[in-house]
Amino acid sequence: ASNRPETRYTKPPKAAKTAKLPNGKSAPEGWTASSSSPAELRFRVEDSAGSQVGNASISVIGPATGESVNTPRQKAVGGVATTALRRDVINKMIQENGWVVNDYQKEIGGRQVYVVVAQSQNRSGQIESRMYYFTEVDGRIYSVATNSPVDQEERLAAESEKVIDSLQNRVRGVQRASTRE
């Protein structure tokens with residue numbers, strides 16, 4: 001028997017890739033990029049221990065056709081009636097055997113955002129929260145959608161609102177008029 005100390009090899013910690021939002025800014029902590037397509041960015045949402053607690057996606061659902069409105073008679077995001085956006089979520093919920101719980105408009109970053117709250121059952125029968133945020137940015141209507149256990153709903157809602165605010169307040173190039181003297 002040798003008196004040398006036993007050497008144990010451990011893998012170095014996996015370097016966390018910082019997931020990026022469509023505007024190039026970093027995604028919220030715990031959001032890691034997963035399979036994406038040109039039309040949609042998808043993220044795996046993890047807790048501090050690295051366990052998956054949900055999913056998120058960001059997509060452009062179409063061009064804006066007008067202004068965002070929130071009056072008693074008319075509600076629209078980028079000219080698209082909120083009833084049409086709600087109908088899209090209802091259709092998704094029908095496909096997934098889910099249901100819409102609530103919908104409302106709120107202000108995030110000084111702009112109107114339409115929110116649809118839904119729920120569905122996962123394979124094990126547990127109820128999951130589904131949140132859909134719609135906003136207009138630079139002539140496009142964006143959707144930020146999350147799926148999580150109900151106990152993670154508030155966390156993902158807060159992070160989704162940060163993403164919406166980041167998209168709305170992206171850095172724009174400043175143009176300056178030149179003057180001749």
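This report describes the secondary structure, strand pairing and nonpolar cores of a predicted protein model.

In this predicted model, local features need pLDDT of at least 70 and side-chain atom pairs count only at pLDDT 80 or more, whereas totals for chains, interfaces and linings use all residues. Residues are numbered from 1 along each chain as its sequence is written, and side-chain values use heavy atoms, with hydrogens and water left out.

## Overall architecture

The protein contains two helices and 10 strands; helices (H or I, at least four residues) and strands (E, at least two) are DSSP runs, numbered from the N terminus. Along the sequence these elements follow the pattern β-β-β-β-β-β-α-β-β-β-β-α. Of the 181 residues in the protein, 34% are buried, where buried means under 20% relative accessible area, exposed over 50%, and partly exposed in between (1.4 Å probe, protein chains only). The accessible surface comes to about 12000 Å², and carbon and sulfur atoms contribute 46% of it; such areas come from the Shrake-Rupley method with a 1.4 Å probe, and for residues only the protein chains shown count as cover. Among contacts with a separation of 6 or more, 42% are between residues 24 or more positions apart, a contact being heavy atoms within 4.5 Å.

## Strand pairing

Strands of a sheet pair through backbone hydrogen bonds, either parallel or antiparallel. Two strands are taken to pair if DSSP finds at least two bridges between them. The following table lists several pairings.

| Strands | Sense | Bridges | Residues facing each other |
|---|---|---|---|
| Strand 3 and strand 10 | antiparallel | eight | Ile58 and Val144 |
| Strand 9 and strand 10 | antiparallel | 10 | Phe134 and Ser143 |
| Strand 7 and strand 8 | antiparallel | nine | Glu107 and Gln112 |
| Strand 4 and strand 5 | antiparallel | two | Asn70 and Lys75 |

Strand 9 and strand 10 form a hairpin with two residues between the strands, in which Asp138 takes a positive phi near 50°. The hairpin of strand 7 and strand 8 also has two residues between its strands, and Gly109 in that turn has a positive phi of about 60°.

An open sheet of three strands has the order 4-5-6, with antiparallel pairing. Its edge strands, strand 4 (69-70) and strand 6 (80-81), each pair on one side only.

## Nonpolar cores

A nonpolar core is a set of buried Ala, Val, Leu, Ile, Met, Phe, Trp, Tyr and Cys residues joined through side-chain atoms within 4.5 Å. The largest one has 23 residues, and those with the most contacts inside it are Trp31, Phe43, Ile58, Tyr133, Val144, Val163 and Leu167. Two or more residues come from each of strand 2 (40-46), strand 3 (52-63), strand 8 (111-121), strand 9 (127-137), strand 10 (140-149) and helix 2 (153-168). Helix 2 gives the most, with five residues. Apart from this core lies another, of 11 residues, among them Val89, Met93, Val116 and Tyr132.

Leaving aside residues up to four places away in sequence, Val144 touches Ser57, Ile58, Met131, Tyr132, Tyr133, Ser160, Val163, Ile164 and Leu167.

At 1.5 Å a residue, the 16 residues of helix 2 should span 22 Å, and the end C-alpha atoms are 22 Å apart, which agrees; the expected span is 1.5 Å times one less than the number of residues. The buried residues of helix 2 are Leu156, Ala157, Glu159, Ser160, Val163, Ile164, Ser166, Leu167 and Gln168.

Ser166, in helix 2, is buried, with a relative accessible area of 13%. Its contacts, not counting residues up to four places away in sequence, are Leu21, Asn23 and Lys25.

Ser57 lies in strand 3 and is buried, with a relative accessible area of 12%. Beyond residues up to four places away in sequence, Ser57 touches Glu40, Leu41, Arg42, Ser143, Val144 and Ala145. The side chains of Ser57 and Glu40 are joined by a polar contact of 3.3 Å, that is, a pair of N or O atoms within 3.5 Å; within protein, one must be able to donate a hydrogen and the other to accept it, and residues adjacent in sequence count only if both atoms are side-chain atoms. Ser57 and Ser160 are 103 residues apart along the chain, and their C-alpha atoms are separated by 9.7 Å.
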